[in-house]
Amino acid sequence: MTSSDQPKYWMSPSELNPKAIEPGDQGQEETTESGEWARRTFLKATGFTAMGAFLAACSPGPVKKAIPFLIPPEEVVPGRPYYYASTCGGCNAGCGLMAKNRDGRPIKLEGFRGGNGPLDRTHPVSGGGLCAAGQASLLGLYDSKRLAGPYDGKGLSSWSAVDQAIRAKIEAATGSVVVLTSTITSPSTQARIDAFIKMGSKRRHIQYDSLSCSALLDAHERAFDSRVLPRFSFEKAKVIVSFDADFLGTWISPVEFADGYSKGRNPSAKHPEMSWHVQVESGMSLTGSKADRRIVVSQAQSFEFLKDIAQELAKRAMAPINGLDAGKSARPDDVKLIADRLWESKGHSLVISGSNRMAEQLLVAGINNILGNYGKTLDIEHPSYQRRGRDEDVAGLINEMNGGRVSVLIMQGVNPLFDRPDAEAFAAGLAKVGCVVDASATHTESNEKAHFVCPEPHFLEAWDDCVSVRGVLSLTQPTINPLFDTRHFRESLAVWSNDKTDDLAFRKNLFKKILPWQQGGKASFEAFWRQVQHDGAFSYSDQKVVHKTWQESTYEGANFKTPAEFPNILEALVYSDTGMWDGRFGHNAWLQELPDPITKISWGNAASLAPATARQLKIVDGDEIEITCNQHVIKLPARIQPGQHPDTVAMPMGYGRAGTDRFSKVGPQWLEGDLTVEKGGVVGVNVAPLMNIVEGRVVSGGVLTIKKTGKNIGLALAQTYGSLDLPQKTAPPGHEHRDIVKETSLAALVGNHGKHEHHEGGNVDLWDDDHANDKPHWGMAIDLTKCTGCSACVVACQVENNIPVVGRDEVERRREMHWLRIDRYFSGPIDRPEEIDTVYQPMMCQQCDNAPCETVCPVLATVHSEEGLNQQIYNRCIGTRYCANNCPYKVRRFNWFDYAHEDRLQNMALNPDVVTRSRGVMEKCSFCVQRIQQAKADAKRQGRPIADGEIEPACMQTCPTTAIVFGNSKDKKSQVAKAMDDPLEFLSLEELNVKPTVAYRTIVRNRDEKGGRHD
């Protein structure tokens, strides 16, 4: 692709309109009309700086005490890490993880995959990665605001008193006793629930998921007489068509799906093959941003488009769909294109929908059946158990509670007073229940109304088990002694059932009966059980789920009528983002500060509007708008979002959690600092009331109206500034001017036109190479085609390197401390949402061999190591910030403040291998040098060379798509050297001759050679 074919990249709409106010300008200093500092601002700044320097110089250094083990445990060697194979409890996906422990406490969570790392196994569900939420869930273990023990209506109580009172309520119940949970993937917990339910005729168990897939399961029950959630195999699909399913973001099992998706999208010059991905959506999703073809329609138009495709395929298969009227398609060319591609890939295609409407899921199931995808890309014989809730049961429970027919309600893993649109009706019914018990580990909106709270331990403190996919057992084991007086929900049920069986014995006996443990190859169950605990997971052959063939009556009674559309209306799109999900991570500061991959907003949510809609309503970024929908009124700041349908207002759920005013002073408190959130307030706004309930199921959507309040409350926008760009005259004579990121098409790759020229031929060095030696030269290669922008690497880096949280005000001032950022660029005409492309580029310190930061440091605080690393020596740094000004990648972070570490429990999450930095020094990525040093020490002790792949920086180890490769670039047999030799590899800002050691692989899209979006 020539330079003329390359699109123009931009980070925010303001870059296309220089007169527009840049997002984030709220945090800039006061200036006069001539652009000079105002006198008052200058005096404040100089006074603050002088006083800060004086106080810092005169303050004594902190006193730190180290208490050694008097009698160390046998398996613990002080200062050396050890690992537990376990299962992530952040959601129901059941991803495998290994917990890295130091001196009796977990400090880092990682996925594990085959290789030369600490665990040479690959988890059969997640494939070895972890998402951002999984990485950050470590912080929940050390949350000092977790419930310290059981509570009754009066306050903190004892387990014996609470158990006695609950048993009495259950035994005296004249109405129903209901156990309300989220999806249960633990066979042992489900067995306890089943045993509890069988003890009374009026007892029952209800499961619901706030991120519901109820219609998807109900559709398969109608079609196959078996209510199952298929296991989707994205790696087997040559054509993927997704209708509003954000399967790379938060839909069902994103780590598992991202792993499979990337395996099918790994083209090279020798093997130029990749899946073709079409995303039909109204908002800009993480998954849509990676699609080869985005079709941007309203939610009502999306259903109409789905019907057209179903009708077209039904005609070709001569299998008419009853009740589906043939109409004139509004997009006949797109319908034909997609139908042709699907028909050509029968048995190797996949159609999915994120809708929770029954009619849409029936059509999707019908399309997959016509194409012969069941048993190939969809498995319903070995299905997923990750989301099994039934929404209609909750509606029935609300009616029953309001009728006074429920005596005892026991809740676990749910927060219906926060995440359901009918929360008011649920609250009214809850007030009529005689005994409400909640098992949440923290304060929630729902357990505030409970009579008893029996908190569970964090998943890193407890034994547990998980079968999230049929045929795969994952175990969870404690990595630390319980920090609070908590008890597993399974054990609580046993106590309330008067069952005194030890929980560990109960679980082992259960699995000895139900598990084909002989397939593990061990002579005894005890040996098998120890092996599974060591490995973390066990795959086995199991009996298939019995289901019928496609039922002819599947479509009977289905409502295929498209919801009425009205001109000039706005629709609400409520979605979950990668940080908050449904609100379960609302008390996690790491995830609150994580920028949304698309909007780049942290510390709160916003209502995203298309640029054309914003112009029509005269709304700019940060304007507060009042939204009325479904008889509810909320206020949110606006965010202008390219790539969104003009009739859609997109709002992420999960914000507005009660108690998030705990983050009021999370940032530094200084002269001009602002609170992250007012005391008594909440971070963000809960948008769950704007959702609808249709046919008993929770759905997004609904007509809304908006009006401006006249305020501009600003947005904490990260990484929407400092867009990397090259001046036109930077390229050497005779060479093309290049953009910061590169992309090409699959057709160009086939024609060998996708590679890019390198510019090193035009660079001449004045000095000889002063880093020439026989030692390793560490390098990194990042595949931008595989990178989904999920930001798991950002959180992993933060956890590993003790990177502080700075709070909303500092983010607004452009002072976030993340060492690794995901640069998100758009290209294409801003008012044509279907032609907007999105690219992601992970950007960290490039460890330049000609590092411009090193030449300007007056105290040699940043120097080059003999192994090619750009070292930052903190105790030399005097904070001149010359290096940051000289860095072309803008990846160095200045520590403006001595960020607080008063929470002693939270400090247990700090990595002791990495120093916590004090105020006034520069920080940056070090390629996780502590891991490099550990591997070198291990290899030296064992008398062997370091194996390729043995060293995995935090970002590499967590990446769900294996987009990052690290190693010794001098070793031509290493994976990183092979990646750097790929003709699609390029160096960022190569023209500057700074010689970065991070290489990027060109983005490849499955399009024609011109890179067209309408192939």
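Glutamine 641 is placed in the loop that runs between strand S24 (632-640) and strand S25 (648-652), where helices (H or I, at least four residues) and strands (E, at least two) are DSSP runs numbered from the N terminus. The structure is a predicted model, in which local features need pLDDT of at least 70 and side-chain atom pairs count only at pLDDT 80 or more, whereas totals for chains, interfaces and linings use all residues. Residues are numbered from 1 along each chain as its sequence is written, and side-chain values use heavy atoms, with hydrogens and water left out.

With a relative accessible area of 3%, glutamine 641 is buried, a class that requires under 20% relative accessible area, as against over 50% for exposed and in between for partly exposed (1.4 Å probe, protein chains only). When residues up to four places away in sequence are not counted, glutamine 641 touches Met284, Ile598, Thr599, Ser608, Leu609, Ala610, Pro611 and Phe826, contact being defined as heavy atoms within 4.5 Å.

For the protein chain as a whole, 25 helices and 40 strands are assigned, and 60% of its 1015 residues count as buried. Among the contacts with a separation of 6 or more, 74% are made by residues 24 or more positions apart. The chain exposes about 40900 Å², of which carbon and sulfur atoms supply 51%; accessible areas come from the Shrake-Rupley method with a 1.4 Å probe, and for residues only the protein chains shown count as cover.

Helix H19 (residues 792-800) is mostly covered, since nine of its nine residues are buried. The buried residues of H19 include Cys793, Cys797, Gln798 and Glu800. Just after H19, asparagine 802 adopts a positive phi of about 55 degrees.

Arginine 1005, located in strand S40 (residues 1003-1005), is likewise buried, with a relative accessible area of 5%. Neighbours within four places in sequence left aside, arginine 1005 is in contact with several residues, among them Met274, Asp292, Glu743, Asp837 and Thr838. The side chains of arginine 1005 and glutamate 743 are joined by a polar contact of 2.8 Å, and a polar atom of the arginine 1005 side chain lies 3.0 Å from the backbone oxygen of threonine 838. A polar contact is a pair of N or O atoms within 3.5 Å; within protein, one must be able to donate a hydrogen and the other to accept it, and residues adjacent in sequence count only if both atoms are side-chain atoms.

The structure also holds 26 aromatic pairs. The rings of tryptophan 778 and phenylalanine 966 form a stacked pair, because their centres are 5.8 Å apart and their planes lie at 15 degrees. This pair links distant parts of the chain, tryptophan 778 being in strand S30 (residues 778-783) and phenylalanine 966 in strand S37 (residues 964-968), 188 residues apart. Rings of Phe, Tyr and Trp (its six-membered ring) pair if their centres lie within 6.5 Å, and planes under 30 degrees apart count as stacked, over 60 as edge-to-face and the rest as tilted. Tryptophan 778 is buried at a relative accessible area of 4%, and phenylalanine 966 is buried at 1%. Elsewhere, ring pairs link Phe511, Trp517, Phe525, Phe528, Trp529, Phe538 and Tyr540 into a cluster.
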